[in-house]
Amino acid sequence: MNSAKEPAPHALNLWADDQKVATLGYEPLNDRWSLVYDTDWVATPGAFPLSPALPLQPPATGYAVGAVKRFVENLLPEGRALDIAATTYRVSKSNIYALISALGTETTGAFRFWRSDEVPPAVAAKPPREVAREELDHRIAERDEMPLAVWDGKVRMSIAGVQDKLMVYLDRPLGDGGRLFLVEPPLASTHILKPDPARHLTPHLVVNEHFCMSLARRMKLPVAQVSIYRTPRPVLVVRRFDRVVVQGGGQGANAPTVQRLHIIDAAQASDLPESYKYERNLGSGEHVRNIRDGVSFEMLFARVEQTVNKAVARMTLLRWALFQFLIGNSDAHGKNFSFFVRREGLDPAPWYDLVSVVQYPGINHELAMAWGDAFSLNDVRAFQLADFAQRCGVDKNLLKREATRLAKLAVEHAPAQALADDYIEDAERAFAGQLRDFVVAQASRLTQLTGEAARIKP
């Protein structure tokens with residue numbers, strides 16, 4: 001069902017701030033989803049759709065089959081976090097409607113999913129719940145017994161991803177004595193906390209992501225703001241770029257409120273389900289390795305046609321791809337790049353989840369998106385880079401110039417980032433030095449390969 005003519009058995013309303021946006025219908029036995037935008041929302045000058053696949057004015061034949069469901073499922077957590085949510089609310093992991101009903105009051109982007117017979121509260125029912133440093137440290141230590149996503153009997157993670165995360169409101173910068181709070185409607189989170197994983201396969205992951213994100217910032221690339229919070233365990237603090245704190249917008253003369261901005265990831269922009277976030281969407285087994293229907297560089301660059309400023313978007317995507325090569329992020333998949341959604345089209349959002357995955361020998365390093373036909377960084381040569389450029393509509397001389405520029409910046413800034421005061425333990429500083437050496441070596445390799453690629457004929 002693409003648009004509802006009769007009321008669906010179940011329905012949720014979508015809200016952006018204090019305005020109703022649409023009604024989401026669900027017919028469980030046939031797994032049919034529907035979406036009907038509110039007429040007042042459509043008439044609002046600043047109104048925007050959920051995604052390009054779900055425009056404000058639906059096609060005459062209705063939305064594509066499954067488009068509504070695909071959009072919604074991309075909002076849910078993955079892996080263990082999804083298991084925890086399903087177990088906590090006693091529903092199947094495949095019951096997307098039940099999960100978004102439970103988790104949908106604070107998802108990625110602008111929209112809140114709310115019961116159709118209720119209106120989101122304008123005033124909090126009780127003061128926000130503070131999370132003290134000692135309590136956070138205790139919860140990180142005991143997460144094998146009590147998952148970090150569960151606080152006070154409620155799942156507090158409703159954003160996509162596999163890592164342990166906690167969404168919080170930060171009343172002011174941590175360096176200025178800021179405090180962390182769990183959020184309840186109408187308050188929205190402003191930051192995401194990401195501690196080191198409990199497993200030992202990925203040591204110093206907080207330092208790793210902090211180094212890569214901070215290196216991108218030093219290089220003047222568009223990236224989310226990060227810092228390290230010590231409980232004393234290291235916790236990465238990521239400032240949400242889909243949230244803006246507005247002073248004086250809440251209850252009281254100077255009380256702040258948090259405005260939600262709408263973003264979608266590349267899987268949603270491509271109208272693909274979460275399971276297609278890797279280019280080899282069926283895996284790399286012998287009989288399916290040549291099936292590449294998931295998000296690829298070529299598909300990612302095809303999203304440029306949906307953007308407001310195509311030249312800026314294409315250059316941003318090129319820089320993002322080259323930076324993944326520089327840091328060795330083999331897991332840069334379709335849900336690791338996002339766009340702001342405007343009525344006129346998409347705009348690239350700041351970068352996030354930048355990690356040098358190849359530092360960890362115990363996990364798979366197959367590339368989420370191939371350079372040409374190479375699914376391993378070690379297999380990328382000049383021909384694969386020329387192939388990448390041709391598939392993505394990038395001039396090879398532009399590829400060479402931009403790669404050379406970024407490589408030079410990486411060599412300039414990686415040593416300084418390795419010496420940052422954020423890394424306080426000897427093991428952390430040693431790991432940062434390892435990252436520095438890798439990036440510098442990759443910069444030299446990238447400069448050479450793109451120079452050779454520019455000379456390859458089409």
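**Group meeting: a predicted protein model**

Good morning. The protein has 12 helices and 17 strands; these are DSSP runs numbered from the N terminus, with helices (H or I) of at least four residues and strands (E) of at least two. Its radius of gyration is 22 Å, close to the 23 Å that the globule rule gives for 458 residues, so the protein is as compact as a globular protein of that length. Here the radius is taken over C-alpha atoms, and the rule is 2.2 Å times the number of residues to the power 0.38.

Two remarks on the source are in order. This is a predicted model, in which local features need pLDDT of at least 70 and side-chain atom pairs count only at pLDDT 80 or more, while totals for chains, interfaces and linings use all residues. Residues are numbered from 1 along each chain as its sequence is written, and side-chain values use heavy atoms, with hydrogens and water left out.

Let me continue with the whole protein. Along the principal axes, its C-alpha atoms fill a box of roughly 60 × 55 × 45 Å. Of the 458 residues, 52% count as buried, that is, under 20% relative accessible area with a 1.4 Å probe, protein chains only. Among contacts with a separation of 6 or more, 64% are accounted for by residues 24 or more positions apart; contact means heavy atoms within 4.5 Å.

Is Asp265 buried or exposed? Asp265 has 7% relative accessibility and therefore counts as buried. Asp265 lies in strand 15, residues 263-265. Its side chain makes a polar contact of 2.5 Å with the side chain of Lys335. Such a contact is a pair of N or O atoms within 3.5 Å; within protein, one must be able to donate a hydrogen and the other to accept it, and residues adjacent in sequence count only if both atoms are side-chain atoms. Leaving aside neighbours within four places in sequence, Asp265 is in contact with residues including Asn74, Phe337 and Tyr352.

The second residue is Glu279, found in the loop between helix 7 (266-269) and helix 8 (297-302). Glu279 has a relative accessible area of 3%, so Glu279 is buried. Which side chain does that of Glu279 join in a polar contact of 2.7 Å? The partner is Arg292. Glu279 and Met369 stand 90 residues apart in sequence, yet their C-alpha atoms are 5.4 Å apart in space. Beyond four places in sequence, the contacts of Glu279 include Ile291, Val295, Ala368 and Phe375.

Key. Buried means under 20% relative accessible area, exposed over 50%, partly exposed in between (1.4 Å probe, protein chains only).
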